[in-house]
Amino acid sequence: MEQTTSETPQKTFSCQLCGLTSPYTYYGQKPPNTRAIVLLEECFVTKDPFSPDKEKFLVLGSTCSLCNLCVCVGSDCSLFYTKRFCMQCVNKHLHQFPHQIQSELAKKKQSSKAAVS
């Protein structure tokens with residue numbers, strides 16, 4: 001079978017920290033087929049495969065506002081605090097984040113160390 005030229009090439013999102021890859025349908029702040037939704041950052045978005053509602057979507061990731069690394073929204077890869085930050089930049093600049101975020105990350109680090117032990 002021949003591929004028709006009217007087909008749009010598949011675009012793929014890839015997290016540069018964990019290696020997650022997924023096709024995405026939109027990049028930006030206003031996903032298509034949504035009424036009044038404007039995201040707080042430019043995101044890689046895909047249609048929700050678990051919902052028949054075409055307005056439902058999943059945010060896959062974005063770029064780090066400091067180093068421009070492409071990262072997923074997983075808590076091991078990035079953090080959103082007014083902007084998206086990869087965890088490498090978060091750890092490098094942790095002292096510049098509010099104390100509440102610092103303590104949340106310290107708790108998370110402690111619980112992951114306890115799980116490994």
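Predicted model: local features only at pLDDT ≥ 70, side-chain atom pairs only at ≥ 80, totals over all residues.
Local features are given where pLDDT is at least 70, side-chain atom pairs only at pLDDT 80 or more, and totals for chains, interfaces and linings use all residues. Residues are numbered from 1 along each chain as its sequence is written, and side-chain values use heavy atoms, with hydrogens and water left out.

The sheet is open and holds four strands in the order β3-β4-β5-β6, with antiparallel pairing (strands are DSSP runs of E, at least two residues, and helices runs of H or I, at least four, numbered from the N terminus; two strands pair if DSSP finds at least two bridges between them). At its edges are β3 (26–28) and β6 (70–72), each of which pairs on one side only. Strand β5 (residues 57–63) pairs with β6 in the antiparallel sense over three bridges. Here Ser62 stands opposite Val71 of β6.

Val71 is also one of the residues touched by Ser78, with residues up to four places away in sequence not counted (contact means heavy atoms within 4.5 Å). Ser78 itself belongs to strand β7 (residues 78–81). Because its relative accessibility is 5%, Ser78 counts as buried (under 20% relative accessible area, with a 1.4 Å probe and protein chains only).

Turning to Gln102, this residue sits in helix α2 (residues 99–116). Leaving aside residues up to four places away in sequence, Gln102 touches Leu94, His95 and Phe97. A polar atom of the Gln102 side chain lies 2.6 Å from the backbone oxygen of Phe97. Asn91 is eleven residues from Gln102 in sequence, and their C-alpha atoms are 9.5 Å apart in space.

Notes
Buried < 20%, exposed > 50% of the residue type's maximum accessible area, 1.4 Å probe, protein only. Polar contact = N/O pair within 3.5 Å; in protein donor to acceptor, adjacent residues only side chain to side chain.
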